[in-house]
Protein chains: 2
Amino acid sequence: MAATRLRKQTDTAQRILDVSERLVQRRGFNGISYANVAAELSMTKASLHYHFPGKAELGEALIVRYAARFADALQEIDRRVADARGKLNAYAGLYADVLRGKRMCLCGILAAEYETLPTPMRKATIRFFDDNVTWLTRVLARGHSDKTLTFDGSPSDAAQAILSGLEGAMLVSRPYGDLERFQSAAARLLASLTS
Amino acid sequence: MAATRLRKQTDTAQRILDVSERLVQRRGFNGISYANVAAELSMTKASLHYHFPGKAELGEALIVRYAARFADALQEIDRRVADARGKLNAYAGLYADVLRGKRMCLCGILAAEYETLPTPMRKATIRFFDDNVTWLTRVLARGHSDKTLTFDGSPSDAAQAILSGLEGAMLVSRPYGDLERFQSAAARLLASLTS
DNA sequence: GTCTATAGGCAGATAGAC
DNA sequence: GTCTATCTGCCTATAGAC
């Protein structure tokens with residue numbers, strides 16, 4: 001029936017996205033090919049093209065799904081953690097989880113390749129960062145107004161500093177394969193906001 | 001005479017490095033080709049291979065020269081600026097200059113592509129970061145002991161936080177083409193060390 | 001040192017059988 | 001949906017003339 005066909009197609013598309021996502025987070029968008037992805041799935045390149053007509057479409061779908069998952073994780077933090085400081089710690093924890101999988105943040109690595117990306121991928125990358133800054137800004141503003149956080153400058157400036165600080169900590173830690181490096185930088189970053 | 005020939009060869013090699021450096025800092029190592037570089041120099045790909053036998057050798061030469069220049073700039077800061085806070089500001093200024101040229105830090109962009117790099121390039125990238133942390137650690141340790149800087153934790157942990165914070169600020173600012181974003185994050189980062 | 005010419009491989013992508 | 005076969009183009013790299 002239709003539902004089965006739809007499910008099946010969706011499953012395959014999801015598996016393609018799963019493999020592509022991991023490869024891109026490790027090697028960058030310019031560091032992967034349809035051949036790489038197909039080989040890991042024991043499929044042919046032609047089959048991939050059935051699900052995603054071109055690399056640009058695959059890349060865009062990758063970011064859209066990644067951003068949606070990240071948004072879900074932020075909602076989950078809001079549901080489970082009440083205080084601003086706890087939310088920021090949980091936020092940094094999301095990054096640590098990615099790094100534990102020996103991956104870079106998808107949009108962090110795409111930011112590095114930004115100039116080579118097709119326009120839809122560029123826009124989706126920016127949107128991811130904007131969404132993160134929006135969420136962080138809200139957390140910081142609330143923490144500031146209820147006196148649980150102390151920081152100088154505007155909440156949105158502080159939010160941008162957190163985002164870029166965590167992205168940078170991931171970027172530099174990865175060559176060393178050293179999670180501690182990230183944790184130390186992240187802890188210091190949050191401490192400077194919660195002192 | 002020999003000196004002329006040597007000079008000429010050196011000049012050409014330097015021009016190749018100049019063009020390659022700019023392209024890699026904008027597009028990443030996997031985002032450039034011998035064809036790109038050759039076209040900008042109105043040369044053929046074959047001529048490039050005369051100066052640098054393969055892309056791996058070109059890439060390594062790129063990092064070595066970049067790191068040497070950076071080391072020179074740090075020496076220059078040491079020569080001209082006495083106080084720790086001033087040195088850190090000048091250090092952040094080096095990054096701002098790179099960003100103004102619409103470039104990413106060479107080793108920052110290579111860190112993103114780390115898994116795809118040949119071993120010599122990996123080692124040279126790590127060395128660049130290590131050199132930076134070493135210099136920053138010295139500045140921070142001295143500033144701490146003469147009470148011009150106040151920060152928690154070890155100087156080397158703080159040094160790593162500065163390095164990754166600045167790299168991250170460059171990374172995230174570039175898609176927005178927004179130097180202000182970098183400046184704001186950099187200022188906040190240094191303020192958290194000098195308060 | 002720089003060129004032309006070319007090798008050999010892999011990239012993204014498409015046609016068409018099943 | 002997935003396959004085989006194939007196209008076109010670009011990639012890194014080399015040979016050899018000038």
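In the predicted model, a salt bridge joins the side chains of Arg103(B) and Glu21(B), with an N to O distance of 3.5 Å. This pair links distant parts of the chain, the two residues being 82 residues apart. Arg103(B) sits in the loop between helix H5 (84–100) and helix H6 (106–112) of chain B, whereas Glu21(B) belongs to helix H1 (residues 2–27) of chain B. The relative accessibility of Arg103(B) is 22%, so this residue counts as partly exposed. Glu21(B), at 6% relative accessibility, counts as buried.

Arg80(B) is exposed, with a relative accessible area of 63%, while Glu76(B) is partly exposed at 28%. Over all chains, the count of salt bridges comes to 23.

In chain A, salt bridges link Asp18(A), Glu21(A), Arg65(A), Arg69(A) and Arg103(A) in a network. A further salt bridge in chain A connects Asp178(A) with Arg181(A), the closest N and O atoms being 3.6 Å apart. Asp178(A) is partly exposed, with a relative accessible area of 27%; Arg181(A) has a relative accessible area of 15% and is therefore buried, the cut-off being under 20%. Both residues of this bridge are also in contact with Ser173(A). Ser173(A) is placed in helix H8 of chain A and is buried, with a relative accessible area of 2%. Apart from neighbours within four places in sequence, the contacts of Ser173(A) are Leu99(A), Asp178(A), Arg181(A) and Phe182(A).

The secondary structure of chain A consists of nine helices and zero strands. Of the 195 residues in chain A, 51% are buried. The C-alpha atoms of chain A fill a box of roughly 55 × 40 × 30 Å along the principal axes. Where contacts in chain A join residues at least 6 apart in sequence, 68% of them are between residues at least 24 apart. Chain A exposes about 8900 Å², of which carbon and sulfur atoms supply 52%.

The size of an interface is often given as the accessible area lost when the parts come together. Chain A and chain B bury about 3400 Å² between them, with 59% of this area on carbon and sulfur atoms. On the chain A side, the most area is lost to chain B by Glu115(A), Leu171(A) and Arg188(A), which together account for 19% of what that side buries. The contact involves 40 residues from chain A and 40 residues from chain B.

One salt bridge is found across the interface of chain A and chain B. Its partners are Glu115(A) and Arg26(B), with side chains meeting at 4.0 Å, N to O. On the side of chain A that touches chain B, at least two residues each come from helix H1 (2–27), helix H6 (106–112), helix H7 (119–145), helix H8 (155–176) and helix H9 (179–194). H8(A) provides the largest share, 14 residues. By residue class, this side of chain A comprises 18 nonpolar, 11 polar and 11 charged residues.

Key
Residues numbered from 1 in each chain as written. Chains lettered and ligands numbered in written order. Predicted model: local features only at pLDDT ≥ 70, side-chain atom pairs only at ≥ 80, totals over all residues. Heavy atoms only, no water. Contact = heavy atoms within 4.5 Å. Buried area = accessible area lost by both parts, 1.4 Å probe. Helix = DSSP H or I, 4+ residues; strand = E, 2+ residues; numbered from the N terminus. Nonpolar A, V, L, I, M, F, W, Y, C, P; charged D, E, K, R; others polar. Buried < 20%, exposed > 50% of the residue type's maximum accessible area, 1.4 Å probe, protein only. Areas by Shrake-Rupley, 256 points an atom, 1.4 Å probe, with all protein chains shown as cover.
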